[in-house]
Amino acid sequence: MRPEDGEALGGGSTGVVFAVPSDEGDLALKVFSGRLYRRTRLRLERELDRLSAVDGQLLVPGTIVELADGRCALRGELCTGSLADLVTAAGPLSTDDVLVLGTAIASTLATAHEAGIVHGRLTPSNVLFRASGEPVINDFERTLRPVFVRDPRHGRQFLAPEGTDGRSSDLYGLGAVLHLALTGEPPGSRPLHREDAPIDLLALVENLLAEDPASRPPDAALVEEILTGLQETRNTPEVSTVDGPVSVASGIEGVPVVTIEPAAGAAPTPRKRSVWPAVAAGVAVAAGFTTWALLPGSGEPEPRSLPAPAPRSSSAPPTSAPTVKTVSQVELAAPIDHGSTVELAWRAPDGFDSAVVIAGETGEPKTTFVRRQRTMNVAVEPGRKYCFLIQITDGESVRESEPRPIRGATCRK
Ligand SMILES: Nc1ncnc2c1ncn2[C@@H]1O[C@H](COP(=O)(O)OP(=O)(O)OP(=O)(O)O)[C@@H](O)[C@H]1O
């Protein structure tokens, strides 16, 4: 068989890929750009065996074949194109498609990682689509990388800063691929922004792209779980949400005031200072005891909406007490649990300062001012349940997000 009999689809570090007709239908033929020595070939065969044993959406090139001119090639399944081609031709994907794509890739990575296999160079040109539309990951085999060396700048925007060996380099690659799918651009050029995408998805992608591998999600299985959850949420009909005043007042009296820790070098302006402490105290009360509470061990699923606001009790403070609204303007993404730390990310309008309220199973809730930050890494005790909530203020009014749990905690108002 001569590669010239087929149509060239593209070239990479290892060679040129052709679509070739065969009795079994069209196939992909990757013709190596150089000679394959016997030892390399044996190693490649062993690697292909290992890859074919992995039960996931890996595109495993079937077999090594020899061409009439003596060159070697990999013959395998032909796909319709790559994510890179698709985005170039049609622009960013819909949010739903990004979720499906991300879930499929995360699932494949989880399976591969469990089998001890790391891709290390997950780029949009290595994400291919079958005729059915199903995404698959290509180019898992690593044996040939040091043999056919590519320009180190190739695909660099998609590669993890620390290198290509660890599992977390694949998580970075996944983040980079999803960044392109969401925005049409590789990461790095601008802050990730897409109005119609759920904040949880944007926060997850940002987290996957963390410079420090230890700050990324701990494993691909968790990423798959988060993305699956996001898909389910989008497929579930909306339930009503509270968008009115929520009392934070009842029970304030007699309850100790929480610790307030202004972010270093980021003290709110005096005008804002007059709002925050009161509200923080109110929410802290709510977080631990009255208005929204952590109910450890209940095992109930996280409520999808907030129950009706608590009625003001007779012990409510004067009407000058700040009113806190739960509005869509401040949205906390699902926290990403790293064991001893938790990554929080939220969306809030420009010009608002933020405070993070952390309620644990024991002890008083804690409020930390983070001013214009929209992400925070929170230290937590491994194994304990927590709820988190974000408050924002422009100095006059205060709004808060819905609370978000980790480890099966139930947070409610
Ligand atoms: N099995 C396949 N079916 C359809 N198209 C393919 C297949 N394999 C590769 N291609 C196309 O050929 C191009 C070159 O693929 P190849 O794997 O050689 O290089 P790359 O992925 O672009 O770069 P590198 O392997 O150096 O990271 C891909 O971008 C893709 O568009």
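1. Buried here means 20 or more other C-beta atoms within 10 Å of the residue's own, exposed means 12 or fewer, and partly exposed is in between, with C-beta atoms placed from the backbone. Helices (H or I, at least four residues) and strands (E, at least two) are DSSP runs numbered from the N terminus. Bear in mind that this is a predicted model, where local features need pLDDT of at least 70, side-chain atom pairs count only at pLDDT 80 or more, and totals for chains, interfaces and linings use all residues. Numbering runs from 1 along each chain as its sequence is written.

2. The length of helix 3 (residues 95-114) checks out: at 1.5 Å a residue, its 20 residues should span 28 Å, and the end C-alpha atoms are 28 Å apart. The expected span is 1.5 Å times one less than the number of residues. Just after helix 3, glycine 116 takes a positive phi of about 80 degrees.

3. Strands count as paired if DSSP finds at least two bridges between them; strands 7 and 8 have three, in the antiparallel sense. In this pair, valine 127 sits opposite isoleucine 137 of strand 8.

4. On to the ligand. It has 26 residues around it, and the closest are Gly10, Gly12, Ser13, Ala28 and Ser125; the cut-off is a C-beta atom, placed from the backbone, within 6 Å. Strand 1 (7-11), strand 3 (27-32), strand 5 (72-77) and strand 6 (81-82) each give two or more residues to this shell, and strand 1 gives the most, with three.

5. Where does the ligand lie relative to domain 1 and domain 2? Domain 1 (3-76) and domain 2 (81-235) both give residues to the shell, so the ligand lies between them. The domain bounds come from an automatic or database domain assignment.

6. For the protein overall, I see eight helices and 22 strands, and 40% of the 413 residues count as buried.
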